[in-house]
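Dear colleague,

I am handing over the structure below, and after it I set out what was found there. Please read the notes with the coordinates open beside them.

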Amino acid sequence: MSDDIPFDKSFDLEPDRVKEVAPQVRAIVANNPGPFTFKGTVSYIIGRGNVAILDPGPADDAHIAALLDAVRGETVTHIFVTHTHRDHSPAVPKVKAATGAKVYAQGPHRLARPLHIGETRRLDASADMDFRPDVALADGDVVEGDGWTMEAVTTPGHTANHMAYALPQSDLLFSGDHVMAWSTTIVAPPDGAMSDYMASLQKLARRNEPVYLPGHGAPVREAPRFVRHCIEHRQGREASILHRLGKGAADIPTMVKAIYIGLDPRLVGAASLSVLAHLEDLVARGVVATAGAPSIGGLYRLAEAPLAAG
Ligand SMILES: [Zn+2]
């Protein structure tokens, strides 16, 4: 048996049509399909009557209109945001203006680490730098609504401010882009960090919610098992990198070519950043060496005398 993740690429939502996907939860997908967004960003409506909206989505007027239409006759009391990528949070100001709801999130967009000298942010355009929550949530904070409660679960890695939310009444967790059924998550420094991402996976592996509702694609079934597959998959990627470096020093393009067989050409940039994310983690643990700070253009080799790393 391989450690491959059992992906589920099924999806039965139509753009901007609302559908009940779990007790107390309606979903509505924005019409922004793409290599990073799959069929589009899924926004969720939680509760009935006095409701919350999770991830209002991109700055797309048709999606915002569909979302507001879906809650016509109801009161939106809360807006929750999983993270500040442009496919998740830019609709917040308009939805807030239309509803008067308060906005809850971990915080504004921020980098997982300071920029290195001369480093540019390759996925800069993907971040919503204008986002500010009304209420900044910490890990474990519980927000009470009308007939529902949301528990904040910090899950940094995809972004530094990524937050998942558990909905105990329905025994599920909104996993944002941290865990998705259709694909692995992009972990791209400096916005994302592999060590954070792995710790966040381990954190979810200790939880019991059987179902996750992600930011893209179908629900994650048998979620704890799926999370374990995600952990094993990244451990496998790390092993592949170390295997390649065992043959001699290599740069990131060489490693991507060796590791990602049959990769969609549109995803080469993201795969390169994902390898960089692993290398940052490996350098920090003393397993791999490079000149200066780990960078996208760097040359990497196995460290001659690895530190006893945990
Ligand atoms: Zn997303």
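Strand β4 (residues 50-54) is mostly covered, with 4 of its 5 residues buried, where buried means under 20% relative accessible area with a 1.4 Å probe and protein chains only, and where strands are DSSP runs of E of at least two residues and helices are runs of H or I of at least four, numbered from the N terminus. This is a predicted model, in which local features need pLDDT of at least 70 and side-chain atom pairs count only at pLDDT 80 or more, while totals for chains, interfaces and linings use all residues. Residues are numbered from 1 along each chain as its sequence is written, and side-chain values use heavy atoms, with hydrogens and water left out.

On one side, β4 pairs with strand β3 (residues 42-46) in the antiparallel sense over 3 bridges, pairing being assigned if DSSP finds at least two bridges between two strands. Alanine 52 in β4 is the bridge partner of isoleucine 46, and 3 residues separate the two strands of this β3-β4 hairpin, including glycine 47 in the turn, with a positive phi of about 90°.

β4 also runs parallel to strand β5 (residues 75-80), joined to it by 5 bridges, and here alanine 52 stands opposite histidine 78.

Threonine 84 lies in the loop between β5 and α2 (92-99), and it counts as buried because its relative accessibility is 1%. Its side chain makes a polar contact of 2.7 Å with that of histidine 109, a polar contact being a pair of N or O atoms within 3.5 Å, of which, within protein, one must be able to donate a hydrogen and the other to accept it, and residues adjacent in sequence count only if both atoms are side-chain atoms.

Best regards

How values were computed: Buried < 20%, exposed > 50% of the residue type's maximum accessible area, 1.4 Å probe, protein only.
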